[in-house]
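Please look over the sequence and the structure below before reading on. The briefing that follows takes up selected parts of one chain, grouped by topic.

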There are 2 protein chains.
Amino acid sequence: MDRLFHPCSVLVIGVSSRPENLGKNIASNLIEFGFEGEIHLFGRQPGYFLGHRIHTDFSSLPDDIDLAVILTPAATVLDAVKACFRQGITRIVIESGGFRELSAAGAELEKELVSFARANGIKFVGPNGISIINRHNGLCLPFMRLSAAEIKKGGLSLVSQSGGMALTYLGLGSSNNIGVAKFISMGNKSCLDESDYLAYLKDDPQTDIIGLYLEDIQDGRRLLSRVAATNKPVILHKSNTSAQSSEIASSHTAALANDDQVVDAACQQYGIFRAKTFRQFINQVKSFSLPLMKGDNLVVISRSGGHAVVAADVADEYGFNLVPFSREFTDFITSHFRAQVIKPGNPLDLGDLFDIDFYITILDQVLQRPDVDGVLFNHVFQPDLEGEASLRLALTIDELSQRYHKPVALCIFTGAQAVNRLKRQISFPLFTEPAEGIEALAVSRDYARRQEKAMPEDLPVRGNYDRQVVTAIIEESETLQEGVLYLDQVLDIFRAYDMPLLPYRLFFSASSLAEIAEPLTFPLVAKVVAGSLSHKSDAGGVRLGIENQSQLQQAYDELMGRFGLLADFRGILLQTQEKSLIEMIVGGRRDESFGPVVMLGMGGIYAEIFQDVALRLPPLDEVLINDMIEILKGAPILKGARGQSGIHRPTLYRVLYSLADLLADFPVIKQIDVNPLFLSESAGFVVDGRIMLGK
Amino acid sequence: MDRLFHPCSVLVIGVSSRPENLGKNIASNLIEFGFEGEIHLFGRQPGYFLGHRIHTDFSSLPDDIDLAVILTPAATVLDAVKACFRQGITRIVIESGGFRELSAAGAELEKELVSFARANGIKFVGPNGISIINRHNGLCLPFMRLSAAEIKKGGLSLVSQSGGMALTYLGLGSSNNIGVAKFISMGNKSCLDESDYLAYLKDDPQTDIIGLYLEDIQDGRRLLSRVAATNKPVILHKSNTSAQSSEIASSHTAALANDDQVVDAACQQYGIFRAKTFRQFINQVKSFSLPLMKGDNLVVISRSGGHAVVAADVADEYGFNLVPFSREFTDFITSHFRAQVIKPGNPLDLGDLFDIDFYITILDQVLQRPDVDGVLFNHVFQPDLEGEASLRLALTIDELSQRYHKPVALCIFTGAQAVNRLKRQISFPLFTEPAEGIEALAVSRDYARRQEKAMPEDLPVRGNYDRQVVTAIIEESETLQEGVLYLDQVLDIFRAYDMPLLPYRLFFSASSLAEIAEPLTFPLVAKVVAGSLSHKSDAGGVRLGIENQSQLQQAYDELMGRFGLLADFRGILLQTQEKSLIEMIVGGRRDESFGPVVMLGMGGIYAEIFQDVALRLPPLDEVLINDMIEILKGAPILKGARGQSGIHRPTLYRVLYSLADLLADFPVIKQIDVNPLFLSESAGFVVDGRIMLGK
């Protein structure tokens, strides 16, 4: 990978002297950005460009070229790659489009490309992307002209599935004083993908912050393992989240939609900051360009009272604590006021304190206080009169912030041109609205908090499972329609995997009903077992509150009469009935990209309507499961609300571990639902469930 | 009010030739903005400024001055006002601070000011504000220098409680091509407040959009009646929503916090667009600067595939429908593609269609389609090469949008300087991110939809109420501690106001227990009635499921034994027990600013935790109550989910009408809770409740 970003020589394939030729732009960009190496050009027609000869024959090229860039029609790309390989070039950037994202024929071309590369140890970027930039050595390969003055050097590396998005982020970064280290437009990512680039960037000394724009994530587990391995902040803008965007995404970068709930859960679990808009993405990058915010204690200093009120509202929303000032400190400030029309406090309204240089004294004193973790400074100023002093203020704020290792989010409010002027004069990010400044401080605080958070303990010891039972049931059931197991099979599997169950037994004939004995006790529930009855209750296949033998006989006869002739009828399952305690649902499924995912949710009709669920990726531990509980809006109920006691967590842990282990041990299991799981303060048991097999 | 904004002559009081004098800025601003009238100056020391004499004696001033502006220390303001009054001036703008927002002494000064003004028919703006601007006649009175070039003329009028915020909005408007009509910094609004200004602006021909920034709303009902009377869009940024901001807000503009839930409900009910950030406020203003979006059908056109994907995500989130293109139309577009590497659809990725002028042809055809209500156009361009063509594109987009009366949100992505350059060259708003463009279109669609919405029907006829019963109970209870009525009194009041109740009766002695008769029937519930037992169930004061006379005797004895000696014990209330159906809570309270407010929520512990409630301001009608139902997350349950039937709406209407009427008829009632209200598909009844009296 290093050769990709640090080649000594680059060959651009697809250059001609025609005016609209895009290959020329690549060469021009290399020169504009001061590429520290040699440039070679190749095209179908001989010629010259910027003092370089356009070669038409590989034999005239040197044999020590590190990197080739191809921008020729899709149908010709494989030949170009082969020619490169013969020349000893194994690192290639393919910018051409017209592959998998366009048509079946294109997909075929791409497949051939991938297999040739794989067979010959070639690594390539693209196709269908605008390639890569290494801002620190002048390697700038996009096929559109870029200006070095507008792309600052810095610590943000961008990995993007869309070239246009990557360029927008580059521009937004630049106009927000955020410099770039590496830029990667992955295109169809048919050879190298985000996980490969991440593996490289985590050790790249120039990269401090990693920003991703993705339209799909093909191997979520691999990506997450890369994220887990880096200690640099990772920000993800994941789009293509709706039915209406999937078609355009597929024709844009051949992306397939992910389950967005799973993506969200993965981000939460692995500490990825997920951005939903450009604004949020850049704001998160900004937050990491300031020192970290190591606590909740915030001071708001404001040249306008209204801006201070607005800032205090947002501070409250993000859980910041506006620490009170000492009497001594407020007296000190008051003594400098002009008309004595302001009461100083936190937020501090600077009122008629017009001396901008005095603000520095205040800020210095504020930052020195050990109970202050960061500052939001609202600076309203008049461009013409106060531009110079404001620049001094901004520069000193940066200096103080670095000196005390505390973030100061500087929000400025002035004319648009003065904002841009000031931005160009400094090298750290500014904010233009209190909500953005405080949001950035919150991101920073959350990141710092996560760094401190204890790592999960050792993984829990697995239960005492009987795999043979499960294997036997699965083998027996492989011919089932739609892969849905019968309820008794499901419960047998749950029992084999150590889940706590109510006593149950499947009956095939009325004669055996007399055998009801411990552990099966009245009152009983009778459930019809038939594969085609997926919603037993709605179909009337369940009888509750059976108190004695005669009621049992009656219920059995009724159910048999109604369902006994179903083709896939299997029997009547009797189960000891328990009073409903706290009802939960637990589930697991196999995500195409992220593998096993488990779900925890509040049970019952309300919870279904409130969509109150939490997802996590195994392996699980108590810390993760407790996180899931905290995420639920129903958490207070689970922890014990209104004098009720909470749930028995060991039982919940046990059920979730068992469910995750089932998914891990039996790849043929596609989905498991435990619904409901009853939990009291001292125990709990699985009442019903569903298992679906699949490929 | 008209004299305030259209004076023929203005007197500025507080001008001196000292360099730091702020009164001079007022005079300078009047000249800078080309005030169409005469300027007079007044100060303590004689002198001249900008060719005007600084008068030191009112006798040398003419007696036909329309408006005075005062910027002198607080203690001298009343004298200045009196002098103005003697001169015949009854319209005054007071910019000085140091009143109620600062101290008790200041509050006293302000009180005197208000009573003098009231007694003498004087209307004044402020104090403690930066005054007013009428952009259309050059009346520009703020005490800081402003530049006419940076404040465009237009249709937005700003009414702000904070001067700093108003200036920021002015600047943001200007840099987003939003011109201003009137600007009002209200300060402490001790004479004229937002409702007064709104009453004026609704008929002001220059005002198309009204933007409010408020830190408190003292008379919510009055404000809402003004909003209801205008057919111009009203956007409200209401801050001071948290405990942490209330102190600074009070010292900034003497603002008291409102109940933010009530403010939200009032905005929803009266169609006020509430903004939480600068960005959102300006974005909403932008949306009203385009033609209205009259439906859900959106077309996204994008020069970059990634931007198209992101736009489609947001479109989906806001409920827009991306209408498919006809085959004919896509063929037409395809025929213009260069490399045939893009499949055209909606979103339309323009791909390698580089001819900006051809975009116009596409857009024209798209806007002509009757099934298209609006367009989002993502225009990514290179500043140097495509600036000219992009300007042409922008101007034509505006023209087409006006011609077809359909909004086109133009999002541009290019260098920051090029964005600003383009903004200065056009006179309509641009967007810089798909989320903002689509949010603006959604605001516009929602406004258009509301305009179409049928007005509420005639107010429902009130029930057949027995007011005397309620009056008697209230009189009897006026000595109650904390104003909480006994349960039997509450139920008697509910019955007198026509609420459907379960049969109930209060028993004072065991001997009368034998009298249990229709309508009271077993099973019964027994509830202890004692003022001090506010949570009867938690305290063990409720017995459920009493099936017969002997169980009744036992429950009665137990409850008497345990609670009978409480000082405020009143008896045991027996009530027919019903099975719980759908449980709801209904409540009402008197808000200090907005008056009576009613609340509807899902009942039970889950709903309490999920905080699923909706608020509305009476008078109620079926349309409003149905809106409340729709707002609840539990709406599907109320409408009938999972094969269950929904609730009996007539009963719900009846309970809510009755509750609102109680609040309206008896101002001494501070709060009413009906909890729970049981509802089935065919009936419903109030089970328990609480009424609190107060001043």
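In this predicted model, helix α19 (residues 549-563) of chain B lies across β20, β21, β22 and β23 of chain B and runs at about 175 degrees to β22(B). Helices (H or I, at least four residues) and strands (E, at least two) are DSSP runs, numbered from the N terminus; angles run from 0 to 180 degrees between N-to-C directions, with axes as lines fitted to C-alpha atoms, for helices over the stretch in contact, and contact means heavy atoms within 4.5 Å.

**The sheet and its helices**
- The strands of chain B form an open, antiparallel sheet of four, in the order β20-β23-β21-β22, where two strands pair if DSSP finds at least two bridges between them.
- Its edge strands, each pairing on one side only, are β20 (504-507) and β22 (542-546) of chain B, and the twist averages 20 degrees from one strand to the next.
- Strands β21 (residues 524-530) and β23 (residues 569-576) of chain B are joined by seven bridges in the antiparallel sense, and L524(B) has T576(B) in β23(B) as its bridge partner.
- Helix α18 (residues 487-496) of chain B lies across β20, β21 and β23 of chain B, at about 50 degrees to β23(B).

**Basis**
- Residues are numbered from 1 along each chain as its sequence is written, and chains are lettered from A and ligands numbered from 1 in the order in which they are written.
- Because the model is predicted, local features need pLDDT of at least 70 and side-chain atom pairs count only at pLDDT 80 or more, while totals for chains, interfaces and linings use all residues, and side-chain values use heavy atoms, with hydrogens and water left out.
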